[in-house]
Structure formats: C-alpha cells, structure tokens
Amino acid sequence: STSRIMTIQAGFFPESRIDCKPQAMLFDVKGLTSLPMHLKLLILDDRFLIVGSQVGGDLAKIAADFNLPEIREATHHLELCTMARKRGMIQQARAGLEVMHNTIVGGDVGKMDKREALRLSDWSARPLSGNQVVYAVNDVMSGVLIWRELYEMPDLSLRLAASEANPGTDVEIVPNFGNITVMASRIGLGTIVQGKQWKCPL
C-alpha cells in the first residue's frame, strides 16, 4: 500500500500471563514521520513476541513509514499461519486472520467481524468512529487469542527425540517421507509403552 500507517494496534496479556484476559491499545500515529520513543522501544524489545497474520509485511511497512530500519533485523516475530499449519489446524499456506480466528478460536468467542466496508473506511479521519475503534481492537485481539490457542497445542512438525520417548506419551505416526503438517501423511496414532527386552532363542 502507498498510504501511510495511521494507527498501530497492540494486543497483550497483562503481566505476561496468558491465562488473563488480553487487552488492547491503539496508537494514533497519523502525520508522524518517526515513532514516539516509548512505542519504538516497545516494538524493538525482543522480550516481547510480535504475532500476526503477514506480520513480516506489517513490520516492513512500519520500518519504511517511520524510518525504523532496525526493525528489519528483528527476529522476535511469528507468523500465525505458519504456527497454525504446524499444529494441523489449517492447510492453506496463506490463510487470513478471519479464517484462522473462525477455525481456531470460534466457539463462544464468536465470529470475527471483518466487514469490507469497515476495513475500507476512512482511517485518516479523526476521531475514529466507534465502529472503527471496535474493528481495530477486535482485529488485534483476534491475533492474540489465536496465538494463545495455538500455544497450547503440540507442534506437529517436531520429531520426537529418543530422550523424550517415555512410556505413556501419545504420538502421531508419520513415515520418514511424509509431511507432518499434511493430514494425509499421518498413518496412525499411538501411545509409547514400556519396552521388553527379548533374547534370540538361537
């Protein structure tokens, strides 16, 4: 997009506790050529994990709009689509936030409202309308909720190390040539049991 960023959203868990209700902040950056120091330090702080849908592109846009080249070297960000694929929740390589929210969060949390009219409304207007504020908050909160759900799920792309093969561990069985992130590659489920030592009768 050739338009400059007008608003930056941030969702977070108070006191870094994921069992707490997440909260959101909106930063008005309309007309700024550089970010306020507190916001710049927050984005660059590698103690925080930045998650989102196409989050790399969002960070590149922030770097370009606010002359923040340091952010291009940052590694403390995570693409939710990649995380969801590694947990077998989606198959698409580039699923959007709405698809992931409705698939992974869903339930009592409700469907994510991504109405086109709101997304394409005039975000340069000040103050933002009540509907725009709700949209922006829901948008960033959705990413936080998706991450929390995925964080509690096992990463299916990881192979079980021998040291972790303890009796009672549930496993999914995939051939060496299979892809753990593709459901069709999985050939079975199992539970590791205590092995018995056998001696050849000959």
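## Fold, cores and rings

Guide: The secondary structure of the chain comes to six helices and six strands, where helices (H or I, at least four residues) and strands (E, at least two) are DSSP runs numbered from the N terminus. The model is predicted, so local features need pLDDT of at least 70 and side-chain atom pairs count only at pLDDT 80 or more, while totals for chains, interfaces and linings use all residues. Residues are numbered from 1 along each chain as its sequence is written, and side-chain values use heavy atoms, with hydrogens and water left out.

Visitor: What percentage of the 202 residues of the chain count as buried?

Guide: Buried means under 20% relative accessible area, exposed over 50%, and partly exposed in between (1.4 Å probe, protein chains only). Of the 202 residues, the buried part is 32%.

Visitor: Which residues does M100 touch, not counting residues up to four places away in sequence?

Guide: Contact means heavy atoms within 4.5 Å. M100 is among the core residues with the most contacts inside the largest nonpolar core. With residues up to four places away left out, M100 touches S53, L80, C81, A84, I90, A95, V105 and I146.

Visitor: Which elements are included in what covers the buried residues of α2?

Guide: Helix α2 (residues 55-65) has V55, L59, I62, A63 and D65 as its buried residues. V55 and L59 are included in a second, separate core of 15 residues. The cover of the buried residues of α2 includes β1 (7-12), α1 (37-44), β3 (50-52) and β4 (77-79).

Visitor: Is the pair of W123 and Y135 stacked, edge-to-face or tilted?

Guide: Rings of Phe, Tyr and Trp (its six-membered ring) pair if their centres lie within 6.5 Å; planes under 30 degrees apart count as stacked, over 60 as edge-to-face and the rest as tilted. W123 lies in the loop between α5 (116-119) and α6, and Y135 in helix α6, so the pair ties together parts that are twelve residues apart in sequence. The ring centres of W123 and Y135 are 5.9 Å apart and the planes are at 50°, so the pair is tilted.

Visitor: What is the angle between the planes of W147 and Y151?

Guide: W147 and Y151 are four residues apart in helix α6, and therefore separated by about one helical turn. W147 is buried at 13% relative accessible area, whereas Y151 is partly exposed at 47%. Their aromatic pair is stacked, with 4.9 Å centre to centre and a plane angle of 25°.

Visitor: Which residues do ring pairs link into a cluster with W147 and Y151?

Guide: W147 and Y151 form an aromatic pair. The cluster linked by ring pairs holds W147, Y151 and F13.

Terms used:
A nonpolar core is a set of buried Ala, Val, Leu, Ile, Met, Phe, Trp, Tyr and Cys residues joined through side-chain atoms within 4.5 Å.
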